[in-house]
Amino acid sequence: MLLSCAASIDGYIDDNTDERLLLSNDADFDRVDEVRAGCDAILVGANTIRQDNPRLLVRSDARREDRVSRGLTASPTKVTVTRNGDLDPNAKFFGAGENEKIVYTASSALDKTQQSVGAVAQVVDAGDPVNFHQILDDLTGRGINKLMVEGGAAMHTEFLTAGLADELHLVVAPFFVGDSKAPRFVKDGQFPWNKDHRAHLASVTQIGDVVLLRYALTERFDA
């Protein structure tokens, strides 16, 4: 499983305005599209759906056609996680694409989530509190072997602190946000990698004015 994120030099994934901050460039967006096309599913948190309203589809016609030629859906399965069931069934996450949509929810919000999006997605009880190991086990049982987590900060934090991520793709944009009220790449937590246990930097790639850092986080990392 890989995590994908773009952040400013000072570690922010957005600013504190209503307009979405673009951190990357066209060449990197195309790289992300290629990575998406090679995955079985893409996961974002419910807050990302509410704030950014993403489509989470493969953009390239050639990549979509290649997936279909291999007996796959044009874009990977879409997955989200909600603790309170506060989701809009009209969001692009649910309406865009013919691919499967799966919503993992806390047991306490199962009925609410079924009522809100049960008609447009498969709703799955993920325990209370939400158990991310259980989510990955369930996805594996559905044939999802390569999962891409695209955000936001709460999802990155959950998967990283649980030691569930095999690989991190971190794109660094060449500017600062400089606003402590803006969202950062991760929230507070106990991470397996620290000053005494450093993550392994697998590669560094310049893509125009941004740089891609690939970190191997477990021995399951596929170089």
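Two strands pair here if DSSP finds at least two bridges between them, and helices (H or I, at least four residues) and strands (E, at least two) are DSSP runs, numbered from the N terminus. This is a predicted model, in which local features need pLDDT of at least 70 and side-chain atom pairs count only at pLDDT 80 or more, while totals for chains, interfaces and linings use all residues. Residues are numbered from 1 along each chain as its sequence is written, and side-chain values use heavy atoms, with hydrogens and water left out.

**Sheet**
- β2 and β3 run parallel and are joined by five bridges, among them the one in which Ala41 has Thr77 of β3 as its partner.
- Nine strands form an open sheet of mixed pairing, in the order β5-β4-β3-β2-β6-β1-β7-β9-β8, and the edge strands, β5 (122-125) and β8 (200-207), each pair on one side only.

**Helix α7**
- Just after α7, Gly163 adopts a positive phi of about 70 degrees.

**Cysteines**
- With a disulfide defined as a pair of cysteine sulfur atoms within 2.5 Å, the count is zero.
- Cys5 is in no disulfide, the nearest cysteine sulfur being that of Cys39, 15 Å away, and this separation is too far for a bond.
- Cys5 is buried at a relative accessible area of 8%, and Cys39 is likewise buried, at 1%.

Conventions:
Buried means under 20% relative accessible area, exposed over 50%, partly exposed in between (1.4 Å probe, protein chains only).
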